[in-house]
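Colleague: Could you walk me through the labels used for this model? I would like to see each one set against its cut-off.

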Amino acid sequence: MGRKLEVWLYNVHVGSLRQTDGRLAFSYSQEWLDSADAYPLSQSLPLQGKTFNDRESRPFFAGLLPEGDKRKKIARALQASEENDFALLDGIGGECAGAVSLLEPGQLPPPADRSHQVRWLNDSELCALLEELPRRPMLAGEEGLRLSLAGAQDKLPVFVQKDKVGLPLSNTPSSHILKPEVGLLQGTVFNEGFCMHLAAGLKIDAAKAAIKQVDGKMYLLVQRYDRRLSGDGRLQRLHQEDFCQALAIAPEYKYQNEGGPDLAGCFKLLRAATRPSAPHVLRFFDYVVFNTLIGNQDAHAKNFSLLYPRGGPVLAPTYDVLSTAVYPELTNKMAMQIGGKYRFRDIYLRHWNRFAESTGLSLAQAKKRVLEIAKKLPVHAHELREDFQVRGLDHPVLGEIIQIIQDRCEQTIRRITGRPG
């Protein structure tokens with residue numbers, strides 16, 4: 001006998017997710033299909049009366065869940081199989097990325113006018129949470145919490161009000177994402193905080209991030225771009241999906257060398273989904289160049305998203321941006337090729353030209369923008385580190401990031417122009 005979860009978008013019932021003999025199936029409700037306000041849950045799930053099968057449904061719904069080791073630990077906490085997407089969504093699918101909530105039949109989302117329910121944390125409780133997250137991702141299994149975010153890194157949706165951090169209860173929308181330090185990698189909080197501020201300093205649209213500490217433990221608070229304030233000051237969800245979900249690629253295939261999206265496919269998606277597409281294409285081009293020059297080699301398709309405001313799909317701000325190249329134990333292969341090359345050391349002018357051709361931009365336009373970013377980036381990086389030092393946020397990893405940026409920018413300028421950087 002099959003099982004069912006009801007799929008809600010904002011506070012509107014849009015369809016049902018079923019599991020039969022271990023396979024997923026999604027169908028839109030007739031009421032949603034008949035609504036004048038109806039729009040697809042995903043670019044990969046167009047509005048239709050026909051039921052989507054497991055192959056069609058799974059990329060979007062599995063894409064709401066954590067990955068890798070985090071997924072395994074969540075499955076253990078829920079006493080479920082790690083392969084069972086439905087059971088994991090049943091356990092933690094109440095507060096997901098975007099505006100999607102999955103509820104059991106008969107359950108209703110809280111009324112829009114109900115006060116947010118938050119379990120506020122004192123310093124000792126927050127410190128304990130930071131220690132607990134690596135062992136129990138998403139605090140899976142804890143009563144009153146059904147929180148999910150995609151990705152392999154430790155993170156948790158939280159509600160922040162001034163200097164207070166709390167856990168959102170009973171499908172209350174979270175306002176921020178809390179990220180502790182990553183295991184054996186040194187200074188990841190400083191790394192990501194620095195790179196996110198660096199992007200913003202170059203006028204690259206990036207999620208807002210703040211480096212925090214409690215009892216000597218560092219963590220990053222990232223403001224959710226998929227949340228907005230209503231006219232009465234209440235926090236509301238804003239729908240989004242990452243590029244893998246939009247392209248019907250299951251999360252385990254997010255890397256290009258495993259069959260995941262390439263940059264040409266990402267640009268094609270933007271041109272098809274957004275109107276007008278030119279501003280979004282140019283913004284995404286900047287994201288790619290910036291990630292390449294800072295050494296973010298984990299910029300795969302799940303780290304880029306579409307956001308769905310009332311006016312239609314737009315490119316979301318960049319997020320999960322840090323220099324992985326500073327950690328020698330991590331791969332030196334980029335998640336997506338630039339002009340047919342996975343390694344930065346192999347990228348020359350002809351590869352930048354191939355990349356430009358795959359984006360639909362003119363070679364002159366692309367070359368000009370790459371050089372602009374390569375010339376500005378080292379200057380901004382040095383200035384930002386000085387600012388971090390003044391604010392007591394310095395860390396040795398920042399010097400290593402700046403050296404990588406300096407080397408990559410000089411090499412890029414030299415290889416594109418034939419002159420020293």
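Colleague: Which residues of helix 3 meet residues in helix 4?

Modeller: Happy to start there. Arg71, Ile74, Ala75 and Leu78 in helix 3 meet Asp85, Ala87, Leu88, Gly91 and Ile92 in helix 4, where contact means heavy atoms within 4.5 Å. These residues divide into six nonpolar, one polar and two charged. Ala, Val, Leu, Ile, Met, Phe, Trp, Tyr, Cys and Pro count as nonpolar, Asp, Glu, Lys and Arg as charged, and the others, Gly among them, as polar. One caution: this is a predicted model, in which local features need pLDDT of at least 70 and side-chain atom pairs count only at pLDDT 80 or more, while totals for chains, interfaces and linings use all residues. Residues are numbered from 1 along each chain as its sequence is written, and side-chain values use heavy atoms, with hydrogens and water left out.

Colleague: Why are helix 3 and helix 4 called roughly perpendicular?

Modeller: The axes of helix 3 (residues 68-78) and helix 4 (residues 85-92) come within 10 Å and cross at roughly 75°. Axes are lines fitted to C-alpha atoms, for helices over the stretch in contact, and angles run from 0 to 180 degrees between N-to-C directions. Angles of 65 to 115 degrees count as roughly perpendicular, under 35 as roughly parallel, over 145 as roughly antiparallel and the rest as oblique. Helix 3 and helix 4 are therefore roughly perpendicular to each other.

Colleague: And what makes a helix or a strand here?

Modeller: Both are DSSP runs, numbered from the N terminus: helices are H or I with at least four residues, strands are E with at least two.

Colleague: How do you know that strand 8 and strand 10 pair?

Modeller: Pairing requires at least two bridges found by DSSP, and five join strand 8 (residues 176-180) to strand 10, running antiparallel. Ile177, for instance, has Val222 as its bridge partner, and Pro180 has Tyr219. Strand 9 (residues 209-214) also runs antiparallel to strand 10, with six bridges. Strand 9 and strand 10 form a hairpin with two residues between them.

Colleague: What makes strand 8 mostly covered?

Modeller: Five of its five residues are buried, buried being under 20% relative accessible area, exposed over 50% and partly exposed in between (1.4 Å probe, protein chains only). His176, Leu178 and Pro180 point one way, Ile177 and Lys179 the other. In strand 10 (residues 217-223), five of seven residues are buried.
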